[in-house]
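User: I would like to learn how to read a fold from a model. Could you take me through it feature by feature?

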Amino acid sequence: MLRLYDYLPSGNGYKCRLALAELGLPYERIELDIVAGETRTDAFLNKNPNGKIPALELDDGRVLAESNAILWYLAEDTALLPGEAYDRADVLRWMFFEQYSHEPFIATSRFILEHLPADSPRRDELPAKQEPGHAALSVMERHLTDHAFFVTDEFSIADIALYAYTHVAPDGGFDLKPYSAVRAWLERVAARPLHVAITEG
Ligand SMILES: N[C@@H](CCC(=O)N[C@@H](CS)C(=O)NCC(=O)O)C(=O)O
């Protein structure tokens, strides 16, 4: 059975849980407390030398790290990944956007506010993350104003990659009120029949 090394509050881990739920794939979830350093043990570093969840262990023992690589692996030959070359590249476009222009500002603000002590010096990083975080939300808003989903007319792993941290953006201090198209898209994703919440293990 697939084994997912995970941390329940993690949006990166949640991306994998969302895809596994959409695809109806059974898996074993191994919870690692990232704040307590459980991803930095020798045993885990032998699985992912980068010391981060999520990591997906296959039946044959191979391990795949990086949330968006895991999404790609799970989605191959399913409705979550389009077949046409341009559309597949467009999925990658949005997943690279998520990692470079969205996650470093929106996800990390949530991590600092929700998982670090109130007196953490990392709180000083928060103001500088506001402008680029809102820039990412504005890019999404512009695209979603005339698209139901990010790539083609269908839900794909591009939507999963972007949903994970966008739906909890307010936890990081990002008000979603000005982004009506983003909010409508969040509702469309959450209404999918096999959708699971980030709190569901
Ligand atoms: N680019 C990676 C980021 C993974 C990541 O940042 N994981 C965090 C939790 S969301 C983690 O495991 N941190 C623990 C650590 O760095 O020790 C991905 O998309 O999977």
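User: Which residues of helix 7 are buried?

Analyst: This is a predicted model. Helix 7 covers residues 180-190, and Ala181, Val182, Trp185, Leu186 and Val189 are buried there.

User: How should I read that spacing?

Analyst: Start with the general idea. An α-helix has 3.6 residues a turn, so residues three or four places apart point the same way. Now the case here. Seen down the axis of helix 7, the buried residues fall within an arc of 140°, so they line one face of the helix.

User: What do the buried residues of helix 7 pack against?

Analyst: They pack against helix 5 (126-144) and helix 6.

User: Which residues are buried in helix 3?

Analyst: Helix 3 spans residues 67-75, and its buried residues are Ser67, Asn68, Ile70, Leu71, Leu74 and Ala75. Viewed down the axis of helix 3, these fall within an arc of 155°, so they too line one face. Their packing partners are strand 1 (2-6), helix 1 (11-23), strand 3 (55-57), strand 4 (63-65), helix 4 (85-115) and helix 6 (157-166).

User: At what angle do helix 3 and helix 4 pack?

Analyst: The angle is about 155°, and the axes are 10 Å apart. Angles over 145 degrees count as roughly antiparallel, so helix 3 is roughly antiparallel to helix 4. The crossing of these two helices is right-handed. Helix 3 makes the contact with Ser67, Asn68, Leu71 and Trp72. Helix 4 contributes Arg88, Val91, Leu92, Met95, Glu98 and Gln99.

User: Now the sheet. What is the order of its strands?

Analyst: General idea: strands of a sheet pair through backbone hydrogen bonds, either parallel or antiparallel. Here, four strands form an open sheet in the order 2-1-3-4, and the pairing is mixed. Strand 2 (27-31) and strand 4 are at the edges. Each has a single partner strand, so one side of each lacks a neighbour in the sheet. Ignoring direction, neighbouring strands are turned by 20° against each other on average.

User: How many bridges join strand 1 to strand 2?

Analyst: Five bridges join them, and the two strands run parallel.

User: Which strands does helix 1 touch?

Analyst: Helix 1 packs on the sheet and touches strand 1 and strand 2. The direction of helix 1 makes about 150° with that of strand 1. Helix 3 lies across strand 1, strand 3 and strand 4, at about 125° to strand 4.

User: What should I look for in the backbone angles?

Analyst: Look for exceptions. Most residues other than glycine have a negative phi, and most peptide bonds are trans.

User: Where is Asp77, and is it buried or exposed?

Analyst: Asp77 sits in the loop between helix 3 and helix 4, just after helix 3. Asp77 is not a glycine, yet its phi is positive, at about 60°. Asp77 is exposed, with a relative accessible area of 77%.

User: What is phi of Thr152?

Analyst: Phi of Thr152 is near 55°, a positive value in a residue other than glycine. Thr152 is in the loop between helix 5 and helix 6. Its relative accessibility is 33%, so Thr152 counts as partly exposed.

User: Which residues does a cis peptide bond join?

Analyst: A cis peptide bond joins Ile53 and Pro54, with omega about 0°. Pro54 lies in the loop between helix 2 (42-45) and strand 3.

Notes. Residues are numbered from 1 along each chain as its sequence is written. This is a predicted model: local features need pLDDT of at least 70, side-chain atom pairs count only at pLDDT 80 or more; totals for chains, interfaces and linings use all residues. Side-chain values use heavy atoms; hydrogens and water are left out. Buried means under 20% relative accessible area, exposed over 50%, partly exposed in between (1.4 Å probe, protein chains only). The arc is that of the directions from the helix axis to the C-beta atoms. Contact means heavy atoms within 4.5 Å. Two strands pair if DSSP finds at least two bridges between them. Axes are lines fitted to C-alpha atoms, for helices over the stretch in contact, and angles run from 0 to 180 degrees between N-to-C directions. Angles under 35 degrees count as roughly parallel, over 145 as roughly antiparallel, 65 to 115 as roughly perpendicular and the rest as oblique. A crossing is left-handed if the near helix is turned anticlockwise from the far one by less than a right angle, and right-handed if clockwise.
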